[in-house]
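Please look over the sequence and the structure shown here before reading on.

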Amino acid sequence: MQAYQTRALALIEHVIVIGRKYRLRLMCRLVKGACWDSKIKRAQELLAAPDAIYPQFAGHNAGTIAAIMQMASRTGGGFEPQRLHGMGGPR
């Protein structure tokens with residue numbers, strides 16, 4: 001999911017409904033996004049549904065990753081941090 005897309009919130013809500021309907025925990029990957037605020041809001045939505053979603057966050061902004069880690073520690077929700085291809089790899 002691209003955090004900044006206008007349909008991102010509706011897509012997250014739809015995935016949560018499917019996960020809960022079929023009693024599944026679906027993996028959802030939220031990627032970078034041009035706007036920090038929208039990515040943080042989408043991260044909150046994904047972390048708020050641990051019964052239906054196992055969130056994965058990919059980005060290159062250390063501040064965003066730190067904010068997500070802090071939100072996840074408060075909610076107790078697990079997530080998977082991911083590195084975008086070509087970002088932060090060995091030199």
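## Strand pairing and crossover

Two strands are said to pair if DSSP finds at least two bridges between them. In this predicted model, β2 and strand β3, which covers residues 80-83, pair in the parallel sense over 4 bridges. Within β3, Glu 80 is the residue that stands opposite Gln 56. To pass from β2 to β3 the chain runs through α3, and this β-α-β crossover is right-handed.

## Confidence

The average pLDDT of the protein is 83, and 86% of the residues score at least 70. Among the elements, the highest mean pLDDT, 93, belongs to α1, whereas helix α2 (residues 36-47) has the lowest, at 82.

## The nonpolar core

The largest nonpolar core holds 19 residues, and those with the most contacts inside it are Leu 46, Ile 53, Phe 57 and Ile 68. At least two residues of this core come from each of α1, β1, α2, β2 (53-59) and α3 (62-75). Setting aside neighbours within four places in sequence, Ile 53 is in contact with Ile 12, Val 15, Ile 16, Arg 25, Leu 26, Cys 28 and Leu 46.

## Leu 24 in its loop

Leu 24 lies in the loop between α1 (8-21) and β1 (26-31), and it counts as partly exposed because its relative accessibility is 41%, a value between the cut-offs of 20% and 50%. Apart from neighbours within four places in sequence, Leu 24 is in contact with Gly 19, Asp 51 and Ala 52. Although Leu 24 and Ala 52 are 28 residues apart along the chain, their C-alpha atoms are separated by 5.9 Å.

Notes. Residues numbered from 1 in each chain as written. Predicted model: local features only at pLDDT ≥ 70, side-chain atom pairs only at ≥ 80, totals over all residues. Heavy atoms only, no water. Buried < 20%, exposed > 50% of the residue type's maximum accessible area, 1.4 Å probe, protein only. Contact = heavy atoms within 4.5 Å. pLDDT = per-residue confidence, 0-100. Core = buried A, V, L, I, M, F, W, Y, C linked by side-chain atoms within 4.5 Å. Right-handed = clockwise from strand over helix to strand, strands pointing away.
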